[in-house]
Amino acid sequence: MKLLVCVKQVPDSTVRVKVAGDQKAIVPEGVTWAISPYDEYAIELALEHKDANPGTTVGVITVGPPRARDALRQALAMGCDDATLVTGADVETLGGLATARALAKVVDEVTPDLVLCGKQASDDDQGFVGQALAETLGWPHVAIVTKFVASDGGTEIWKEVEGGHEVWKASGPAVLTVQKSQKDPRYPSLPGIMKAKKKEIPEKDLASLGADLGGPSVEIRAMEPPPARKAGRVMKDGDPKALAAELAKLLRDEARVL
Amino acid sequence: MTGMTAHDVEHADIRSAVGEICRGFGDPYWRAVDQAKRYPVEFVDALTKAGWLAALIPEEYGGSGLGVGEASVVLEEIQRQGGNAAACHAQMYVMGTLLRHGSEEQKRMYLPRIASGELRLQAFGVTEPTAGSETTRIQTMAVRHGDRYIVNGQKIWTSRFLQSDLMLLLARTTPYDELDDKTKGLSVFLVDIKVAGDAIEARPIDTMINHNTNELFIRDLAIPAQNLIGQEGMGFRYILDGWNAERILIGAECIGDARWFIERAVAYAKRRIVFGRAIGQNQGVALPLARAHANTEAADLMRWKAARLFDAGTSCGPEANMAKLLASEASWEAANVCLDTHGGFGFATEYDVERKFRETRLYTVAPINNNLVLAYVAQHVLGLPKSY
Ligand SMILES: Cc1cc2nc3c(=O)[nH]c(=O)nc-3n(C[C@H](O)[C@H](O)[C@H](O)COP(=O)(O)OP(=O)(O)OC[C@H]3O[C@@H](n4cnc5c(N)ncnc54)[C@H](O)[C@@H]3O)c2cc1C
């Protein structure tokens with residue numbers, strides 16, 4: 001089976017982002033970049049399939065600026081077989097639909113059996129590109145996926161639903177958008193890092209793909225950091241009974257939650 | 001931390017990958033295993049699975065064939081993130097004796113399984129209660145009977161014995177009095193701990209740190225002759241060969257510790273307000289930190305000098321020894337300064353300073369005492385008479 005995982009490089013979740021002066025973007029300096037967490041789960045799902053089915057190949061692709069090469073290198077170090085970077089001018093302000101159309105051009109070329117995306121990226125939380133990609137390709141799409149297995153003439157796909165899961169079946173190629181699953185994404189291994197170092201990461205020029213990069217897009221009018229939270233209060237010294245009474249009073253009169 | 005050296009940048013990929021694993025095992029994890037004196041099995045498993053402990057094993061035997069310099073970055077990073085690599089550092093380097101002096105058959109038999117983590121070779125029985133730093137005086141005796149050696153004796157401070165499948169054992173094969181050259185007459189064996197069974201009784205020693213170490217009582221242990229490493233009687237030479245790598249790796253751990261202490265102390269000194277200002281504004285607080293940093297940087301240079309010589313295949317005894325000496329002193333100095341900076345809070349377990357303080361203290365004493373390092377430098381570098 002040939003799998004293709006689409007990943008996005010986003011600020012690492014431990015980074016405290018700052019809004020730039022024009023309020024249209026974040027300050028890129030000092031940001032540690034990482035693979036978006038749900039995309040890591042998508043990689044893990046693909047690699048688990050490969051572990052169980054040695055004939056499987058896992059490719060990884062990103063549409064992004066040159067620094068996104070690090071995300072691809074990380075995916076290779078985790079065990080992916082090959083990586084492709086789609087980049088070009090204005091790639092950082094590319095909208096979700098244009099990104100999906102660019103990815104679709106590469107999917108046409110690579111012809112994978114399944115495309116996996118994270119269910120949403122942790123920077124804008126739009127949850128849009130995977131679905132848009134399926135629509136562009138004219139492929140079926142299953143969301144919130146936690147597992148898949150090859151079965152007779154297709155793929156069985158586990159989709160999380162409240163309190164359990166549904167099993168869907170795709171008879172041909174499909175796009176899956178992946179949910180966090182029980183198994184955490186693996187760490188890049190040392191042999192993986194050594195191999196990844198030696199691998200070429202081919203680059204495709206965004207403009208030359210022939211994708212329609214126009215059409216509806218989202219414009220960011222302004223960003224602002226959330227208001228600073230007031231410092232919490234710690235109550236620890238004193239008689240527990242009196243503290244509890246004091247706490248109840250504060251919750252009722254000050255916080256007004258009781 | 002500012003003041004990154006060229007090497008920090010050079011090995012950024014190793015640092016970030018190891019750092020990612022370490023971040024999954026933060027301060028509360030290390031505090032909990034320390035308090036329970038429990039082996040950090042989850043951390044060791046994660047490192048093993050990702051192949052880091054097989055860094056020094058050549059690719060043809062299933063490892064990654066990195067140099068000692070790169071491997072030292074792995075251990076440094078673990079310490080720098082607040083962890084304790086002592087739980088597993090030996091899995092990285094004890095195999096060196098097998099790699100350099102074992103037969104091709106022995107290497108093919110064991111190294112790939114050590115690389116995969118299936119076999120843990122992280123116990124090294126050298127020190128004895130009555131021999132201490134004077135290794136050539138060990139008494140544990142291995143007597144050849146046909147195709148086996150029968151071993152009797154006692155070891156002390158055999159770390160990670162209970163977390164190992166294999167142990168490297170140094171034992172006497174010729175009585176001391178029969179030797180002209182006292183550095184001969186010792187041999188190295190690979191002991192299969194499961195097969196040994198009751199012939200080795202391990203009694204854990206409770207120490208001031210979470211370090212799984214033991215007294216071993218060896219009674220009529222039969223070791224197949226094919227488990228002798230290299231030639232009989234050459235064991236002391238073989239372990240000397242391994243010591244340089246060990247010194248450099250331990251030195252790097254100390255550098256990682258020192259950087260952790262300084263980083264924590266600096267952050268605290270900026271944050272802690274007494275007399276209406278940050279304590280770091282007082283020179284009495286700031287200057288010891290600056291000195292500890294300078295000494296750490298200097299020790300790090302010696303560590304890299306030694307590592308580069310080692311990886312180039314050049315002899316590096318003086319440099320490796322001096323790296324361990326300077327780095328263990330730098331980390332101990334940094335530990336002291338960090339504790340002073342934290343005042344009373346340094347004693348509270350939740351700050352982790354007292355834990356790291358206890359842990360890093362080991363390295364001026366073991367695996368070799370700094371006095372013995374100085375004695376080595378005095379004799380072998382400066383040409384002074386042998387003092388012992
Ligand atoms: C936690 C821990 C783990 C260890 N793990 C292992 C292990 O896995 N395997 C193993 O084989 N060993 C291990 N050791 C043993 C360690 O290598 C020894 O403790 C160390 O080499 C010193 O030996 P000793 O303790 O007998 O001290 P001694 O040799 O008795 O020395 C005591 C003191 O006298 C000083 N001294 C002795 N002779 C001289 C001299 N000629 N000149 C100046 N000063 C001198 C020493 O420097 C030291 O300060 C471990 C030790 C510890 C504490």
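A:Asp125 counts as exposed because it has 10 C-beta neighbours inside 10 Å, and the cut-off for that class is 12 or fewer. The model is a predicted one. A:Asp125 lies in the loop between strand S6 (114-118) and helix H4 (129-137) of chain A. Its phi is positive, near 55°, in a residue other than glycine.

A residue in chain B can be described in the same terms. B:Asp220 is not a glycine, yet its phi is positive at about 50°. B:Asp220 is found in strand S7 (residues 213-224) of chain B. With 9 other C-beta atoms within 10 Å, B:Asp220 is exposed.

**Chain A**

Chain A has six helices and 11 strands. Its C-alpha trace spans about 70 × 45 × 40 Å along the principal axes. Of its 258 residues, 37% count as buried. Among contacts in chain A with a separation of 6 or more, 69% are between residues 24 or more positions apart.

A:Ala196 is placed in helix H5 (residues 190-198) of chain A. A:Ala196 counts as buried because it has 22 C-beta neighbours inside 10 Å, where the class requires 20 or more. Leaving out residues up to four places away in sequence, A:Ala196 touches A:Arg73, A:Leu76 and A:Ala77. A:Ala196 is 80 residues from A:Leu116 in sequence, and their C-alpha atoms are 21 Å apart in space.

**Contact between the chains**

Seven residues of chain A are in contact with 10 residues of chain B. On the chain B side, helix H2 (residues 12-23) supplies the largest share, four residues. That side of chain B is made up of six nonpolar, two polar and two charged residues.

**Helix H12 of chain B**

Helix H12 of chain B covers residues 317-342. Its 26 residues should span 38 Å at 1.5 Å a residue, and the end C-alpha atoms are 37 Å apart, which agrees. Of these 26 residues, 20 are buried, so H12(B) is largely enclosed by the rest of the structure. B:Gly343 follows H12(B), and the phi of B:Gly343 is positive, near 55°.

Two packed helices are described by the angle between their axes and the distance between the axes.

| Helix pair | Angle between axes | Distance between axes |
|---|---|---|
| H5(B) and H10(B) | about 35° | 7 Å |
| H12(B) and H13(B) | about 160° | 9 Å |

An angle of about 160° makes H12(B) roughly antiparallel to H13(B), since angles over 145 degrees fall in that class. The crossing of H12(B) and H13(B) is left-handed. On the H12(B) side the contact involves B:Ser331, B:Trp332, B:Ala335, B:Cys338, B:Leu339 and B:His342, and on the H13(B) side B:Val353, B:Lys356, B:Phe357, B:Thr360 and B:Arg361. By class, the residues of this contact between H12(B) and H13(B) are six nonpolar, three polar and two charged.

Helix H5 (residues 68-80) and helix H10 (residues 235-271) form the other pair in the table. The crossing of H5(B) and H10(B) is right-handed. H5(B) contributes B:Val68, B:Ala71, B:Ser72, B:Val73, B:Leu75, B:Glu76, B:Glu77, B:Ile78, B:Gln79 and B:Arg80. These meet B:Ala245, B:Ile248, B:Leu249, B:Ala252, B:Glu253, B:Ile255, B:Gly256, B:Asp257, B:Arg259 and B:Trp260 in H10(B). The residues of the contact of H5(B) with H10(B) comprise 11 nonpolar, three polar and six charged.

Helix H13 of chain B runs over residues 353-361, and its buried residues are B:Val353, B:Arg355, B:Lys356, B:Phe357, B:Glu359 and B:Thr360. Helices H3 (27-36), H10 and H12 of chain B are included in what covers the buried residues of H13(B).

B:Pro367 is found in the loop between H13 and helix H14 (370-381) of chain B.

Notes:
Residues numbered from 1 in each chain as written. Chains lettered and ligands numbered in written order. Predicted model: local features only at pLDDT ≥ 70, side-chain atom pairs only at ≥ 80, totals over all residues. Helix = DSSP H or I, 4+ residues; strand = E, 2+ residues; numbered from the N terminus. Expected span 1.5 Å × (residues − 1). Axes fitted to C-alpha atoms, helices over the stretch in contact; angles between N-to-C directions. Left-handed = near helix turned anticlockwise from the far one by under 90°. Contact = placed C-beta atoms within 7 Å. Nonpolar A, V, L, I, M, F, W, Y, C, P; charged D, E, K, R; others polar. Parallel < 35°, antiparallel > 145°, perpendicular 65-115°, else oblique.
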